[in-house]
Amino acid sequence: MKAAIFSVLFLVSSIRALDNGLAFTPPMGWMTWERFRCITDCEKYPKECISENLIMETADVMVSEGYLDAGYEYVNIDDCWSELERDENGKIVADKKRFPRGIKFLSDYVHSKGLKFGTYLDYGTKTCAGYPGSIDHLEIDAQSLADWGVDFIKMDGCNVDNSQMVEGYIKFGELMNKTGRPIMYSCSWPAYFEYYRKPPQVPDYEILKKTCNLWRNWIDIEDSWESVKFISDYFAENQDRVAPHAGNGHWNDPDTLLHGNYGLSYDQSKAQLAVWAILAAPFLLSTDLRTIKPEMKELILNRDIIAVNQDSLGIQGRRVNSGNGIEAWARKIMPIVKEEHSYAIAFVSRRTDGHPHAFNVTLKDLQLTNKFGYIVKDLFNTHRATYQFLQTDEFEERVNPTGANFYKFIPIE
Ligand SMILES: *[C@@H]1O[C@H](CO)[C@@H](O)[C@H](O)[C@H]1NC(C)=O
Ligand SMILES: *[C@@H]1O[C@H](CO)[C@@H](O)[C@H](O)[C@H]1NC(C)=O
């Protein structure tokens with residue numbers, strides 16, 4: 001009887017999700033796009049251009065500065081890495097000036113550091129920046145990825161009709177599978193369906209889960225608080241529709257973390273980190289890790305916050321309360337104590353009226369039901385003692401303007 005139940009469950013889960021063994025928790029790593037864009041002039045911008053130097057130096061720093069130890073393992077190139085033309089065999093080739101030793105060399109280098117290597121393709125006729133697209137070369141491109149030892153592919157969706165995308169992404173996934181190399185598959189079609197092409201279209205999330213390990217749902221992030229709010233709002237306003245599709249092996253992707261760049265204050269950087277952890281978002285950094293400031297480094301290496309993001313239950317959290325410019329976000333996490341979940345709780349302030357804003361909060365406001373209350377741990381101030389929060393308590397919170405407080409609530413038995 002037990003065996004029968006098990007096999008039924010197994011059947012159901014194998015039908016519902018991509019079975020390549022990857023992304024049990026949201027992927028963590030680094031990616032070029034938000035910070036380094038399509039900088040290709042290495043004479044003018046030697047430290048910033050998309051090149052093997054950038055990738056190798058980043059890989060070095062990810063190991064020497066503790067990012068790999070904390071879980072950041074993927075080193076991913078985005079657009080603008082290839083020659084403008086394929087070679088005479090139809091193969092895509094890395095830009096000969098910027099990647100003189102080719103992609104296989106680079107991937108071997110990244111692997112030699114204990115990291116994983118990712119790159120970028122576009123399903124259309126050309127990439128967003130005008131480099132060769134994959135639409136007529138799916139098989140040869142899937143094979144190239146395997147030959148190069150690629151571990152992660154972002155497949156973008158510029159320069160192709162929405163109507164062709166779903167079938168095309170499925171096909172490319174099958175071709176990658178046939179190579180025998182497990183490659184984490186990041187799909188962009190929902191972003192084109194939901195945001196970039198008018199009229200908006202709702203993507204089929206059941207197909208997404210079967211096809212991809214992660215997918216960009218919405219607009220590219222920009223280096224600003226406006227952008228963080230806009231993306232947070234999409235995930236909150238669509239949470240009933242979108243959040244349930246996240247789970248082990250398949251994740252919604254609100255795009256990269258901005259830590260270490262120019263547009264977010266320290267408080268705003270805390271807010272993005274907390275909300276992205278609640279959303280079970282991929283923690284992909286897009287910044288110059290060679291020059292990042294210590295306080296930003298400390299944020300992204302915060303082990304307690306990484307543990308929330310990587311929680312093994314894989315349940316995407318939600319915005320559970322908002323009003324007066326203060327939002328509460330909650331995510332069910334481990335440990336489960338007597339059938340009651342623990343929670344990660346973030347209070348995010350959108351207020352700009354110039355002082356830390358105080359308000360009172362109860363467990364009811366947070367929809368937390370354990371009748372014996374919770375032990376609370378402050379995730380941004382880990383030296384702070386834990387305290388108890390009972391069902392009868394009212395707690396005063398103070399959140400900095402456009403900042404966040406972030407806690408773990410563990411049920412009391
Ligand atoms: C290919 O797909 C099959 C069936 O879903 C799966 O068992 C296998 O692990 C996949 N292989 C790779 C390399 O992704
Ligand atoms: C919160 O509640 C306490 C006790 O009821 C009260 O003294 C305090 O003024 C309240 N704080 C705010 C910001 O309303």
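Predicted model: local features only at pLDDT ≥ 70, side-chain atom pairs only at ≥ 80, totals over all residues.
Residues are numbered from 1 along each chain as its sequence is written, chains are lettered from A and ligands numbered from 1 in the order in which they are written, and side-chain values use heavy atoms, with hydrogens and water left out.

Q: What makes Cys38 and Cys80 a disulfide?
A: A disulfide is a pair of cysteine sulfur atoms within 2.5 Å. The sulfur atoms of Cys38 and Cys80 are 1.9 Å apart, so the pair qualifies. The structure holds four disulfides.

Q: Why is the disulfide of Cys38 and Cys80 called left-handed?
A: The torsion about its S-S bond is about -110°, and the disulfide is therefore left-handed. Cys38 lies in the loop between helix 2 (33-36) and helix 3 (52-64), and Cys80 in the loop between strand 2 (74-76) and helix 5 (102-112), 42 residues apart. Helices (H or I, at least four residues) and strands (E, at least two) are DSSP runs, numbered from the N terminus.

Q: Why is Cys38 called partly exposed?
A: Buried means under 20% relative accessible area, exposed over 50%, and partly exposed in between (1.4 Å probe, protein chains only). Cys38 has 28% relative accessibility, so it counts as partly exposed.

Q: Why does Cys158 count as buried?
A: Cys158 has 17% relative accessibility, so it counts as buried. Cys128, at 38%, counts as partly exposed.

Q: Why is the disulfide of Cys187 and Cys212 called left-handed?
A: The torsion about the S-S bond is about -95°, so this disulfide is left-handed. Cys187 lies in strand 5 (residues 184-187) and Cys212 in the loop between helix 9 (205-211) and strand 6 (214-216), so the pair ties together parts that are 25 residues apart in sequence. Cys187 is buried, at a relative accessible area of 0%, and Cys212 is buried, also at 0%.

Q: Which residues are around ligand 1?
A: They are Asp19, Asn20, Asn177, Gly180, Arg181 and Pro182, where being near a molecule requires a heavy atom within 4 Å of it.

Q: What makes the approach of Asn177 to ligand 1 a polar contact?
A: A polar contact is a pair of N or O atoms within 3.5 Å; within protein, one must be able to donate a hydrogen and the other to accept it, and residues adjacent in sequence count only if both atoms are side-chain atoms. A polar side-chain atom of Asn177 lies 2.3 Å from an oxygen atom of ligand 1, so the pair meets the limit.

Q: Which residues are around ligand 2?
A: They are Ala358, Phe359, Asn360, Glu394 and Glu396. A nitrogen atom of ligand 2 is 2.8 Å from an N or O atom in the side chain of Glu396.
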